[in-house]
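Here is the note you asked for on this model. Please read it with the coordinates open.

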Amino acid sequence: MESVSHENRKFAPPAAFAENAHIGSMEAYHALYEKSIKDPEAFWAEAAEDLHWFKKWDTVLDASEAPFYKWFSGARTNVCYNCVDRHLEGPNRNKAAILWEGEPGETRMLTYQDVHREVCKFANGLKQLGIKKGDRVAIYLPMVPELALAVLACARIGAVHTVIFAGFSADSIRDRVNDCGAKCVITADGGWRRGRVLPLKNIVDEALVGAETVTDVVIVKRAHGDPFPCHVKEGRDHWYHRLVQDQPIDCPCEEMEAEDMLFLLYTSGTTGKPKGIIHTTAGYMVYTHQTTKYIFDMKPEDVYWCTADVGWVTGHSYIVYGPMQCAATQIIYEGAPDSPDEGRFWDIIEKYRATIFYTAPTAIRAFMKWGDQWPEKHDLSSLRLLGTVGEPINPEAWMWYHKTIGAEKCPIVDTWWQTETGGHMLTPMPGATPTKPGCATVPFFGIEPAILTDDGEAVEAGILAIKQPWPGMLRGIYGDEQRYKDTYWCKWGGKYYFPGDGARRDEDGYVWILGRVDDVVNVSGHRIGTAELESVFVEHKDVAESAVVGVPHEIKGQGLIAFVTVIKGRSHDDQLLKELVSMIDKSIGKFARPERILFSNDLPKTRSGKIMRRLLRDIAEGKKLGNTSTLADPSVVEHLRRQYEES
Ligand code: WT7
């Protein structure tokens, strides 16, 4: 693997920041890190002491059924209790938990006591619908406070939530609901996005045709029936406000076993079928608490804002579970960054005096393009810490973030992690680690990265591997133990976890993430499997074959380019193009639309018939073609190239 980055700039944490930070020097980091690697069980046991347990654990790590690792076996706890109830005794009771702002501008504030009351009522409402511990509940909501409340209500009663990002199509909802056998769907009549209302409930209605396990739907009123009708199906559908209005304001927390399932979150892999990633109770809880405390250096007076959607893992770990365990005060914003204008985010930071801001590189690149005049109009001096997540950040965007948003006084934590890892894995410690633009730097406590070849040989640049289990790790893929083993643990004989990213280690021992090494593409921080699109295309009766590749994209990080061959006799016209695009919208969602769809008569293949995606990527990136000697018909690729350049 080759790496082309030559970034030598280095930024030490500002002294004033380091002085007050949880971890204030590299010495302090190294000391704790050593301890966490030498004796992980002692380290994590101590970390777990910060939290509430109905019963403490018997063993910290049980590796007897590896790779089905178990953490804190024998313990009983409840994550909702640790996010909410634990804060009711003492000064946090009336602390603001959620400062919410809707896209049209309305605001709501919920203290921890408010959250407790609303979560209890919601939980009692779910119980009234017959939802019990272990039942699966799908959540398809816009970024309203009820999204966090729904997640916490499920955790409270031990129901397994699966949040589906509100940009997914009806088909995607149906697939997920059927895969996990959800009994209930929580949605809204609509949600605001760029001045328009998305008809979420109507999409759910379409999804539930052919989803037999769902007996109840809860509808949060957000769009107020306008501009489209929201159909309420007698016996199945319930308005949220009616369901909760007379519920008791207390609901005991279910005492969960350490390895009881907390949630499922579907993510893309290398096949056409998304994986239901399993996270369980105790380990995930301890891991998100620790990472939030150290990486966001969370303090009682902070005003934290993570701009992710709760539909992705970032929102699970760093909006709901991590920050709320830390009794954080946080901003939740419903809408788009350019609504009503491109200054909306900076307006929100100024208005609430945000101190910590966590967003995605794709958003930062869009802000850069919109111009400095937007942040310049606002007072951003309250900020003390910045973060990025979701994809590699190019040094230019990092520098802009550092200067224009951070005024050169805020450390930037570039956090590398995944849906599967549950929490941050590689990241600077904000008060300790000198940062380099574009680099995720050093491992979190208990994480031992390695960079290997396919054969497991240690190299400077190669495939990223993680040596030891950690509490926040996934526990499996719902309904598919074999796929869990094959995908994550087979590559190096069960000795390492395989995340699917390439990496390089520099002279300071820092780890640079080089992007995915599998057929997963990161479009605006959304993970999309190329096989998912390919399987949609070939469903079209006139399509013979398809290959989708990811290429660099100025704003999105990566964009998708689709190569499609059609059956003999069918012409490649605009009509076909339209049909294929609408199939993607319908099967996955608009966010998965490719940048370009290119028709051709053939695809470059090896003599054994394998499509050579590497060459397709070369074509799409306008690069010199790599080795074509193994092709069955080398003329195919030349022809494709000419066609690509002409179209
Ligand atoms: C993939 C995981 C982590 C929550 C959001 C995405 C890429 C993530 C970084 C980063 C370089 C990153 C990786 C990873 N990624 N963060 N800081 N630097 N790459 O979660 O959808 O599970 O995607 O996102 O390729 O494997 P996800």
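1. The model is predicted. The protein chain holds 20 helices and 30 strands. Its radius of gyration is 24 Å, close to the 26 Å that the globule rule gives for 647 residues, so the chain is as compact as a globular protein of that length. The C-alpha trace spans about 75 × 65 × 60 Å along its principal axes.

2. Of the 647 residues in the protein chain, 62% are buried. Contacts between residues at least 6 apart in sequence were also examined: 71% of them join residues at least 24 apart.

3. Helix α7. This helix covers residues 170-180 and is mostly covered, with eight of its eleven residues buried. The buried residues are Ala 170, Asp 171, Ser 172, Ile 173, Arg 174, Arg 176, Val 177 and Cys 180.

4. Surroundings of α7. Which elements cover the buried residues of α7? Among them are the strands β6, β7 (160-163), β8 (184-188) and β14 (261-267), together with the helices α8 (200-207) and α18 (574-587). Gly 181 follows α7 and has a positive phi, near 65 degrees.

5. Gly 130. This residue lies in the loop between α5 (112-128) and β6 (136-140). Leaving aside neighbours within four places in sequence, Gly 130 is in contact with Asp 135 and Lys 183. Thr 215 is 85 residues from Gly 130 in sequence, and their C-alpha atoms are 9.7 Å apart in space.

6. Domains. The domain assignment gives domain 1 (112-254) and domain 2 (524-646). Taken over C-alpha atoms, the centres of domain 1 and domain 2 are separated by 37 Å. The contact takes six residues from domain 1 and eight residues from domain 2.

Notes. Residues numbered from 1 in each chain as written. Predicted model: local features only at pLDDT ≥ 70, side-chain atom pairs only at ≥ 80, totals over all residues. Heavy atoms only, no water. Helix = DSSP H or I, 4+ residues; strand = E, 2+ residues; numbered from the N terminus. Rg over C-alpha atoms; globule rule 2.2 N^0.38 Å. Buried < 20%, exposed > 50% of the residue type's maximum accessible area, 1.4 Å probe, protein only. Contact = heavy atoms within 4.5 Å. Domains from an automatic or database assignment.
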